[in-house]
Amino acid sequence: MLGRSTFSRTGNFRPENLGPNAVALIGNLCFTFFVFGVLIFTIIAATYEPEDPLFHPSTKISSFLTSKSNATFKSDDTEAKTGENFLAPNQTEFESFINATDVADLKSAVIVAVEEAREAEVVPGSDCEGPIDCRDTEVFHLMMTAAIDKFKDIHFYKFGKAVRGENDTTCDMAWRYRPKEGKTASLYKDYRRFSVLRSNCSLSVADIGEYHTGVNARKKKRNQRHGVQKTGGKQEEGKTFPVYGEQVNDNLPMVESEGSFSRGKYLIYVGGGDRCKSMNQYLWSFLCALGEAQYLNRTLVMDLSICLSSIYTKSNQDEEGKDFRFYFDFEHLSESASVLDQIQFWADWDKWQKKDGLSLHLVENFQVTPMKLQYVKDSLIMRKFASVEPDNYWYRVCEGETESVIQRPWHLIWKSKRLMDIVSAIASRLNWDYDSVHIERGEKAQNKELWPNLAQDTSPDSLLATLKDKVEDGRNLYIATNEPETSFFDPLKDKYSTHFLDEYKDLWDEKSEWYSETTKLTSGVPVDFDGYMRVSVDTEVFLRGKKQIETFNDLTNDCKDGVNTCNTAAS
């Protein structure tokens, strides 16, 4: 007994037990590896955050902001994303459009009514002489049918009542529409002038004017219901997505009375280093302030005066005095959120602050979270930002623990309807039937170190070779580019009908509707169609092409942000 090995005392290593024990050991090891794998995956999933600060949590920005750099956002001269960019078009909203069959059915019903009237010796529209009666049902149906037949690349959703044009043989009519292959959640409004001819009591449409020529059909009262509209959509037009082409209301919201002002609660941001930065940074910070105001159930007091960064100006200098309404839809913002212009606010505050005992709560540290302010009773909370960057950026208020509480209300910020009306006009002149290509050159094409192939890949010869299999010969091709000399692309004219932004300068020159309306905001001071406006319009026209070809996805293998950044951008 004493001389036996210890191993001989246990049955674990008997020959008959070795097989089962080995299986059990392997099973335990596999389970251990599985547990470790799940643990590692869980840690990665919990700590991973996307790179793009505009659309994802900003914890990664925080570490950057605490570095020595004084700029979080790159000097990016691209168009800033707004609420429309995040709206996916729900096809159920646009499934019910008016077609020629619908008009024919309406016309048949009218014919029956006319025949019944004749039997009663009351014949509507029987006058074969004199001016065209634009209110006549036959004329209305004729105009609808002519519009549907001519504009084959759009769907019609509503026709307004026809009205008299400039003379006895013209009628104006408006309609809401959407391009058949539209990729954005929006509707458009057009109004055109129809030339109507009568021959032997028979009516015909001789001509349909250009975009927005039917000015007499434009002005309508709110909630007016005249005309023909096909129902069936689930959402009311204009409430959840923009309608471009309608008149813009730039009026500033006003406080109704001293009592309502004194009962109100307000939030204002003062100072900070966001001014004169890129439009992307401006919106990121502004939406932080707006989100905090909504969280605190307070009215945001905002500065409508914007400083335009030098990256968008001809002078290459920052330019003060730009109006928020030049770039964004203030009407939508003021109808959807509680905001006040700071000039009007301070005028009212000076009148009633002492009289009504209105108090101010000053916050000078961005680390004071909105959660700590939700029980503040003072009439006005003022966040005052210092002069040291980057701690004086507004969006720092929404970082850290706050970013899970404050939601940036992107849906409240839409692009200027006046700029979008220029986009609509350009697309309409191309009959909404064009392909588009974005060609980025400029400084990137000159920097061979970061973009070694871009210049060659965007040369005319390379473009012709690349586009050959992507765009059919003879197509309208809209080229959105930062190349200053558009003649650089002249070789493409042999295969395509090329179009550039500057081809449509009449839409923003001194005789344009855009210029007339924007100068009203500046009391007659001339308004420059600046670099950001150009980028915004150029980008939006590009996005409405039937085929859209990107520089860094389709034309070159170079990375958008330079060598070895493709994987980073994709993640």
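A nonpolar core is a set of buried Ala, Val, Leu, Ile, Met, Phe, Trp, Tyr and Cys residues joined through side-chain atoms within 4.5 Å. Buried here means under 20% relative accessible area, with exposed being over 50% and partly exposed in between (1.4 Å probe, protein chains only). Before we zoom in, know that this is a predicted model: local features need pLDDT of at least 70, side-chain atom pairs count only at pLDDT 80 or more, and totals for chains, interfaces and linings use all residues. Residues are numbered from 1 along each chain as its sequence is written, and side-chain values use heavy atoms, with hydrogens and water left out.

**View 1. The largest nonpolar core.** This core has 95 residues, and the members that touch the most others are Phe159, Trp175, Phe324, Leu333 and Ile426. Helix 7 (residues 279-295) is the top contributor to this core, giving ten residues. (Helices, H or I, of at least four residues and strands, E, of at least two are DSSP runs, numbered from the N terminus.)

**View 2. Around Ile426, and a second core.** Leave out residues up to four places away in sequence, and Ile426 still touches Tyr478, Leu501, Tyr504, Leu507, Val537 and Val541; contact means heavy atoms within 4.5 Å. There's also a second, separate core of 14 residues, with Val437, Leu464, Leu477 and Tyr496 among them.

**View 3. Arg193 and Glu166, a salt bridge.** Side chains of opposite charge can pair when their charged atoms come close. A salt bridge is a side-chain nitrogen of Lys or Arg within 4 Å of a carboxyl oxygen of Asp or Glu. In the salt bridge between Arg193 and Glu166, the closest N and O atoms are 3.6 Å apart. Arg193 sits in strand 4 (residues 187-199) and Glu166 in the loop between strand 2 (163-164) and strand 3 (170-179), so this pair ties together parts that are 27 residues apart in sequence. Arg193 counts as buried at 16% relative accessibility, while Glu166 is exposed at 57%.

View 4. Searching the whole structure turns up 36 salt bridges. In one of them, Asp391 meets Arg396 at 2.6 Å, N to O. Asp391 is partly exposed, at 41% relative accessible area, but Arg396 is buried, at 7%. Another joins Glu540 to Lys415, with 3.6 Å between the closest N and O atoms. That pair links distant parts of the chain, 125 residues apart: Glu540 is in helix 16 (residues 531-543), and Lys415 is in the loop between strand 14 (380-385) and helix 11 (417-429). Both Glu540 and Lys415 are buried. Elsewhere, a whole network of salt bridges links Asp153, Asp433, Asp435, Arg475 and Lys546.

View 5. On a 1 Å grid over the protein atoms alone, a cavity is a set of points where a 1.4 Å probe fits but cannot get out, and lining residues have an atom within 4 Å of a point.

View 6. Phe328, Asp329, Glu331 and Lys417 are among the residues lining it. Helix 9 (330-336) and helix 11 each supply at least two residues of that lining.

How values were computed
On a 1 Å grid over the protein atoms alone, a cavity is a set of points where a 1.4 Å probe fits but cannot get out, and a pocket is an open set with protein on both sides within 12 Å along at least five of seven lines; lining residues have an atom within 4 Å of a point.
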